[in-house]
Amino acid sequence: MKITVIGAGYVGLTSAVTLAYLGHQVTCMDTDLAKIDRLVRGEAPFYEPGLDELLAETAGSMRFTADYRPALADARAVFLAVGTPQNANGSPDLSQYWKAVDMIMDCMDPAWAALLLVNKSTVPVGTGDKLKKRLHFRGFGQRIEIGSNPEFLRQGSALVDNFFPSRLVLGGDNSARHTLLQIYRPLLNEPHLAPDYIRPPANFKKIEVFQVDIRTAELSKYAANAFLAMKISFINEMANIAELVGADITRVADVIGADPRIGRLFLNAGIGYGGSCFPKDTQALKYLADVRGYDVTLLSAVIHVNNQQPYRLVTKLDQALGGLEDKSICLLGLTFKPETDDLREAPSLPIIQILVDSGAYVRVHDPIALDKARGLLPQNVVCCSELEDALQGADALAILTEWPLYQRLDPLAVKKLMRGNVVVDGRNCLSPDLFAAHMQYTGVGLNTSSQAKTSEASAQDLYRGEYPLTYIAQS
Ligand SMILES: NC(=O)c1ccc[n+]([C@@H]2O[C@H](COP(=O)([O-])OP(=O)(O)OC[C@H]3O[C@@H](n4cnc5c(N)ncnc54)[C@H](O)[C@@H]3O)[C@@H](O)[C@H]2O)c1
């Protein structure tokens with residue numbers, strides 16, 4: 001099928017290459033000329049595991065353009081995957097979306113076949129109905145039908161999620177859902193079609209297909225993100241209580257997560273959720289309810305806990321260092337999670353700002369996001385491309401993203417490079433036993449006082465084996 005994807009961002013581009021791999025002829029269109037230039041040269045405009053390989057592999061079935069007319073010519077289905085960021089009042093900013101819709105209508109040629117216009121962008125409930133009215137108003141009611149296919153991929157494993165989604169949500173009337181089913185058929189048939197370098201998740205069984213009306217599809221996306229955000233804020237609140245009562249949140253999460261009704265995923269305490277989805281989608285859902293006069297108590301609390309969480313790490317640094325002024329602080333990890341270069345709404349950004357405002361000297365390292373970060377950080381923040389440089393002479397180290405590279409850090413090597421010995425692990429990704437044995441270690445909701453008592457012995461046990469072979473020691 002001839003398919004056009006509007007928007008070559010994390011969702012649009014990864015969806016486009018997936019659809020091309022499934023056998024469709026795909027045109028990916030974006031108004032960002034620099035992005036299209038890079039794609040035409042065969043370069044991925046952002047980091048996503050497997051994307052470079054898949055772009056090369058699907059080159060014969062993919063076209064990239066910055067013009068609407070050639071993008072739309074003869075398309076049978078058009079997926080809208082433009083950004084839907086957040087306005088200052090929390091409402092979704094749909095300007096990119098409506099601009100794209102208007103451009104599609106302006107460019108439609110009477111000679112072209114009818115098409116299905118599919119919302120892949122996350123849009124507020126009721127947007128599909130508004131779109132239908134707009135199409136009718138402009139006389140396209142018969143020629144353009146609409147569908148909703150909300151996206152649930154996770155950045156960092158977008159292609160795994162595209163090829164092995166837990167579910168597909170196909171919203172629309174019978175005819176729209178039929179076309180969407182045709183598009184995804186190669187994913188649903190046996191044998192499952194996927195490149196061999198994109199492996200199914202361990203728990204992958206089958207793709208559930210949900211055929212629903214458009215409003216249900218639209219709300220499902222917001223509900224999914226709100227629920228996941230709630231799990232994170234819940235465990236963070238429990239972690240904050242664990243710190244008050246001397247319990248260990250990781251073990252608490254293991255205990256409650258063993259209950260299949262709860263599940264262990266998304267129960268890792270830390271500095272809060274970030275990224276381009278959870279913050280804006282929880283705000284958008286709250287706004288949607290607010291304007292209808294419904295007080296979303298639970299969701300408001302989820303947002304409130306998350307807004308406070310990054311600052312708790314700053315307080316820990318402040319207390320451990322006896323003040324932040326003139327202290328040298330090494331921050332490891334800038335992105336909101338590992339395996340992505342996306343810095344949108346990353347908790348690292350407010351943390352860095354408050355440290356700088358408090359007079360600290362901040363040095364940062366991130367395995368892939370440093371270039372993107374430079375323009376976003378206060379000027380006096382030092383971006384280090386070598387981990388050792390970031391650690392050198394630091395009074396304190398804080399982990400902000402649980403990149404695997406940091407999880408393998410050797411406390412002895414770290415201690416040797418640093419001037420001080422304060423370690424605040426904002427993601428609970430270091431070994432508390434090892435670090436508490438050598439440094440003044442604090443995690444999130446960890447019972448480090450009891451760890452400190454027992455850690456010397458357990459650290460010695462651990463050192464007896466080969467572990468830890470560390471990044472620094474190996475390099
Ligand atoms: N990023 C995720 O993990 C994720 C997951 C699920 C759903 N979503 C949703 O998918 C949508 C896209 O998210 P994203 O992260 O890919 O955004 P993005 O910002 O990475 O990409 C959006 C792209 O659209 C392009 N664009 C903007 N206006 C345009 C227009 N009028 N015509 C053509 N192109 C235009 C931009 O240049 C950009 O390249 C959002 O609604 C988001 O909420 C995102």
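Predicted model: local features only at pLDDT ≥ 70, side-chain atom pairs only at ≥ 80, totals over all residues.
Student: Where does H1 lie?

Tutor: H1 lies across strand E1 (2–6), E2, E3 and E4. Its direction is at about 165° to E2. Axes are lines fitted to C-alpha atoms, for helices over the stretch in contact, and angles run from 0 to 180 degrees between N-to-C directions.

Student: In what order do the strands of the eight-strand sheet come?

Tutor: Strands of a sheet pair through backbone hydrogen bonds, either parallel or antiparallel. Two strands pair if DSSP finds at least two bridges between them. This open sheet has the order E3-E2-E1-E4-E5-E6-E7-E8, and its pairing is mixed. Strand E3 (62–65) and E8 are the edge strands, and each pairs on one side only. Neighbouring strands are turned by 20° against each other on average, direction ignored.

Student: Why is strand E5 called largely enclosed?

Tutor: Count neighbours. A residue is buried with 20 or more other C-beta atoms (placed from the backbone) within 10 Å of its own, exposed with 12 or fewer, and partly exposed in between. E5 (residues 115–119) is largely enclosed by the rest of the structure because five of its five residues are buried. Both faces are covered: Leu 115, Leu 117 and Asn 119 on one side, Leu 116 and Val 118 on the other.

Student: How does the chain cross from E4 to E5, and from E5 to E6?

Tutor: A crossover is right-handed if, with the strands pointing away from the viewer, the path from the first strand over the helix to the second runs clockwise. Strand E4 (residues 77–80) and E5 pair in the parallel sense over four bridges. Val 78 is opposite Leu 117 in E5. From E4 the chain passes through helix H5 (residues 95–107) to E5, a right-handed β-α-β crossover. E5 also pairs with strand E6 (residues 144–148), parallel over five bridges. Leu 115 is bridged to Ile 144 in E6. Helix H6 (residues 127–137) carries the chain from E5 to E6, and this β-α-β crossover is right-handed.

Student: How many strands form the sheet that contains E9?

Tutor: Six strands form this open sheet, ordered E11-E10-E9-E12-E13-E14, with parallel pairing. Strand E11 (382–383) and strand E14 (440–442) are at the edges; each pairs on one side only. Inside it, five bridges join E9 to strand E10 (residues 361–365). Cys 330 stands opposite Arg 363 in E10. Helix H12 lies across E9, strand E12 (396–399), E13 and E14, at about 165° to E13.

Student: Which residues does Leu 313 touch?

Tutor: Two residues are in contact if their C-beta atoms, placed from the backbone, lie within 7 Å. Leu 313 lies in helix H12. Not counting residues up to four places away in sequence, Leu 313 touches Ile 271, Ile 351, Ala 398, Val 424 and Gly 426. Leu 313 counts as buried because 27 other C-beta atoms lie within 10 Å.

Student: What backbone features do Asp 326 and Asn 428 have?

Tutor: Most residues other than glycine have a negative phi, and most peptide bonds are trans. Asp 326 has a positive phi of about 65°. Asp 326 sits in the loop between helix H12 (297–321) and strand E9 (328–332), and is exposed, with 11 C-beta neighbours inside 10 Å. Asn 428 has a positive phi of about 50°. Its loop runs between strand E13 (422–425) and helix H18 (432–438), and Asn 428 is buried, with 20 C-beta neighbours inside 10 Å.

Student: Which residues does the cis peptide bond join?

Tutor: Glu 190 and Pro 191, with omega about -5°. Pro 191 is in the loop between helix H8 (174–188) and strand E8 (208–212).

Methods:
Residues numbered from 1 in each chain as written. Helix = DSSP H or I, 4+ residues; strand = E, 2+ residues; numbered from the N terminus.
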